[in-house]
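This report describes selected local features of one protein model. Please consult the sequence and the structure alongside the text.

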Amino acid sequence: MIQIRPVSDLRNKFPEIENVVNGGQPVYLTKNGYGAMVVLSLEQYSKLTGDIEMKLDEADKQAAESDIRLSHNEVFGNVRGRLNE
């Protein structure tokens, strides 16, 4: 079940929130009735971002080895083309 809590619960009910995120579920926090942030366990966050750092490192290496530069339109045009295949 989705956990939506007021941001004040982060301070006032931290152990409850900690149990939820350690169980692998995110907790969505609201402020004044609007979404403010999401709390994740380090493991879940790592799963979401782990490949990103590796891919950015690969892109930096390729950029250092080449003088070819693409415009914003070329990059996103290539991405759109691959998504629509």
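## Basis of the description

Helices (H or I, at least four residues) and strands (E, at least two) are DSSP runs, numbered from the N terminus. By this assignment, Glu74 belongs to helix H4, residues 72-83.

The model is a predicted one, in which local features need pLDDT of at least 70 and side-chain atom pairs count only at pLDDT 80 or more, while totals for chains, interfaces and linings use all residues. Residues are numbered from 1 along each chain as its sequence is written, and side-chain values use heavy atoms, with hydrogens and water left out.

## Salt bridges around Arg5

A salt bridge is defined as a side-chain nitrogen of Lys or Arg within 4 Å of a carboxyl oxygen of Asp or Glu. A search of the whole structure returns 3 salt bridges. Arg5, Asp9 and Glu16 are linked in a network of such bridges.

Glu16, by contrast, counts as partly exposed at 40% relative accessibility.

Glu43 is exposed, with a relative accessible area of 52%, and Lys47 is exposed at 60%.

## Ser41 and its surroundings

Ser41 is located in the loop between strand E3 (34-39) and H3. The residue is buried, with a relative accessible area of 11%. Its side chain reaches the backbone nitrogen of Gln44 at 3.1 Å. This is a polar contact, a term for a pair of N or O atoms within 3.5 Å; within protein, one must be able to donate a hydrogen and the other to accept it, and residues adjacent in sequence count only if both atoms are side-chain atoms.

Leaving aside neighbours within four places in sequence, Ser41 is in contact (heavy atoms within 4.5 Å) with Val21 and Asn22. Asn22 is found in helix H2 and is exposed, with a relative accessible area of 56%. Asn22 and Gln44 are 22 residues apart in sequence, and their C-alpha atoms are 9.1 Å apart in space.

Asn32 occupies the loop between strand E2 (27-31) and E3. Although Asn32 is not a glycine, it has a positive phi of about 55°. At 70% relative accessibility, Asn32 counts as exposed.

Glu74 of helix H4 is partly exposed, at 38% relative accessibility. The C-alpha atoms of Glu74 and Leu48 are separated by 26 Å, and the two residues are 26 residues apart along the chain.

## Pockets

On a 1 Å grid over the protein atoms alone, a cavity is a set of points where a 1.4 Å probe fits but cannot get out, whereas a pocket is an open set with protein on both sides within 12 Å along at least five of seven lines; lining residues have an atom within 4 Å of a point. Grid points are joined across faces, edges and corners, and a volume is the space filled by probe spheres set on the points. For the linings, Ala, Val, Leu, Ile, Met, Phe, Trp, Tyr, Cys and Pro count as nonpolar, Asp, Glu, Lys and Arg as charged, and the others, Gly among them, as polar.

The largest pocket has a volume of about 180 Å³. Its lining consists of Ala59, Asp60, Gln62, Ala63, Ser66, Ile68 and Arg69, which divide into 3 nonpolar, 2 polar and 2 charged residues. The second largest pocket has a volume of about 150 Å³ and is lined by Leu70, Val75, Asn78, Val79 and Arg82. This second lining divides into 3 nonpolar, 1 polar and 1 charged residue.

Definitions and conventions
Buried < 20%, exposed > 50% of the residue type's maximum accessible area, 1.4 Å probe, protein only.
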